[in-house]
Amino acid sequence: MTRRLLMDAGRVLSALLVIGAIAACDDPADPEPQEDPSQDDPPPIQLVIESPPEGAALSVSADVVLRASAQAADLGMLPDDSVFWTVDGTPLPPGRTHTIRLEAGQHQLQVLARWGTRTAQASRTVSVAGPPIGSVLWRGNWDGEPVQGRGGLSAGVDGTLYAHDFFGLWAFDPGGSDRWSFTGTTTGFEHPPTVLEDGSVVIGTEYGVAAVGPSGTMLWEYRLPDRYGSEHVHGGVAVGPDGTIYFGSENENGVVVALWPNGQERWVTLVQPADTPAYRFFPAPVIVGDTLLVLVTTHRWFVAAVDARDGAVKWRLDMRLRPGTPAPLSAPAAPAVADNGDVVVALHGSLVRVDPAGQIVWRKDYYGPLGGVPAYSNALAISGGRIYVPMGDGGLEIYDGNGARVARYGPGSANSILGGVTLGRNDVAYVLHADTLRSYAPDGTLRYATHIGGNAGTGMYYVQVPVIGADGTVYVRSTDGGIVAVADTVGPAVNAEWPTMGGGNRRLGRRH
């Protein structure tokens, strides 16, 4: 028995010796340096942030170098793995030097050096500027191909971008990544989509109107019962405060339709006078108060108003300059609505202000090479009683409420209304013309002129206006570059006039 116990004890001892030998061969994890016990008060660590320097001008478009030196009189320079950086509370791997990118805004940089029981800390607050205003941030594509440029663009309350053209509807996040697409049996057209509060979208189509849900599935479709080609809803739709959807069509009888929010027909009105052929409506109607719709005809001679409640025709205006004037070939502009309910609209050769009773308040005539080229849909903007009118050279003319011109921004050569304008906060203006986005300060100073590519601001049947995101980014469309995001910081106006409320072209019948 005694011999057996001795053998067992020997085995246990041998096992312990083996384990000890193995442990002795392993390097200890994160060994702590040993201080010299003879030094009761060792020299402190001297820690210095060398980069970025105090007050450095940093940009989101450039690398930021973090570099620190840490040393002690008895140790010299500490090794890299004794220095620890954190950025806004997030630790980086151990090391004295790092190269990173920082987003725009303020950032808190902290560095810690440690040796045994000795530590030192340093911190620095840095500010990083965003990209230069007017610079192109990104160009949006769908499945590797540019989104067709001939189309409208809108933004929802959550920043989602909606691009619409003849082939369908696409949704993008504010950074340009795609969310979903809708290319169902109903084809689209080139106007800005109407975005509702819940993220659903209502669009005019080749046959009528369709509603698409927040995830890109069709909710319902309304088709106009007419011959092919007369059902086009080119200019898009407007949505009233109670959710009623209004639109005019290319039907030659001057068809105006109201739908309940679920797509069921509320009323249909024929607006055409007996002696007026081809009374077709191109842009989306605008809503004046809660009882009046105002529409402009395709040939830009007629303005008509109907009662939003029952579709009864209230008045018509014939604005032909002279008998026999040929019908222009491009889209008219939707009216802009002033505080008192007047509407201002660009017609063929004229800028006209009309009161809610259908009376002309004043008229400004332009005499360009073709008798005045009209603005495209949503081209006008009103703020603080002033009317902002984009001109044919990329400039702006500003009129007071009485029709007197009070300022001219940018080039002064053209005398025709052309392009599209959106107002940002404090009346900073964004004008899209041809292949260039221009921004003007409230005093008329040009803030920047950015080449967009392709033909961004004009076209026979498509509409292009800038859309302003909540962070100030400006989004536009281009025929050869899809959606283009341009850096800016101003942000949407808080009192923008309908129908370009908030720079998003949402076409809801109320202000934000």
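Predicted model: local features only at pLDDT ≥ 70, side-chain atom pairs only at ≥ 80, totals over all residues.
Let's start at Asn 426, which counts as exposed, with a relative accessibility of 61%.

**The loop with positive phi values**
- Asn 426 sits in the loop between strand S36 (420–423) and strand S37 (429–433).
- Although Asn 426 is not a glycine, its phi is positive, near 60°.
- Asp 427 is likewise placed in the loop between S36 and S37, and its phi is about 65°, again positive in a residue that is not a glycine.
- With a relative accessible area of 21%, Asp 427 is partly exposed; the cut-off for buried is under 20%.
- For background, most residues other than glycine have a negative phi, and most peptide bonds are trans.

**A cis peptide bond**
- Ser 51 and Pro 52 are joined by a cis peptide bond, with omega about 0°.
- You will find Pro 52 in the loop between S1 and strand S2 (58–59).

**Nonpolar cores**
- The largest nonpolar core has 20 residues, and those touching the most other members are Leu 47, Leu 66, Ala 70, Trp 85, Leu 102 and Val 111.
- At least two residues of this core come from each of S1 (46–51), S3 (64–72), S5 (83–87), S8 (105–115) and S9 (118–129).
- Strand S3 gives the largest share, four residues.
- Beyond its neighbours within four places in sequence, Leu 66 is in contact with residues including Ser 51, Pro 52, Trp 85, Leu 92 and Leu 109.
- Another core lies apart from this one; its 17 residues include Val 286, Val 288, Ala 305 and Val 354.

How values were computed. Residues numbered from 1 in each chain as written. Heavy atoms only, no water. Core = buried A, V, L, I, M, F, W, Y, C linked by side-chain atoms within 4.5 Å. Buried < 20%, exposed > 50% of the residue type's maximum accessible area, 1.4 Å probe, protein only. Contact = heavy atoms within 4.5 Å.
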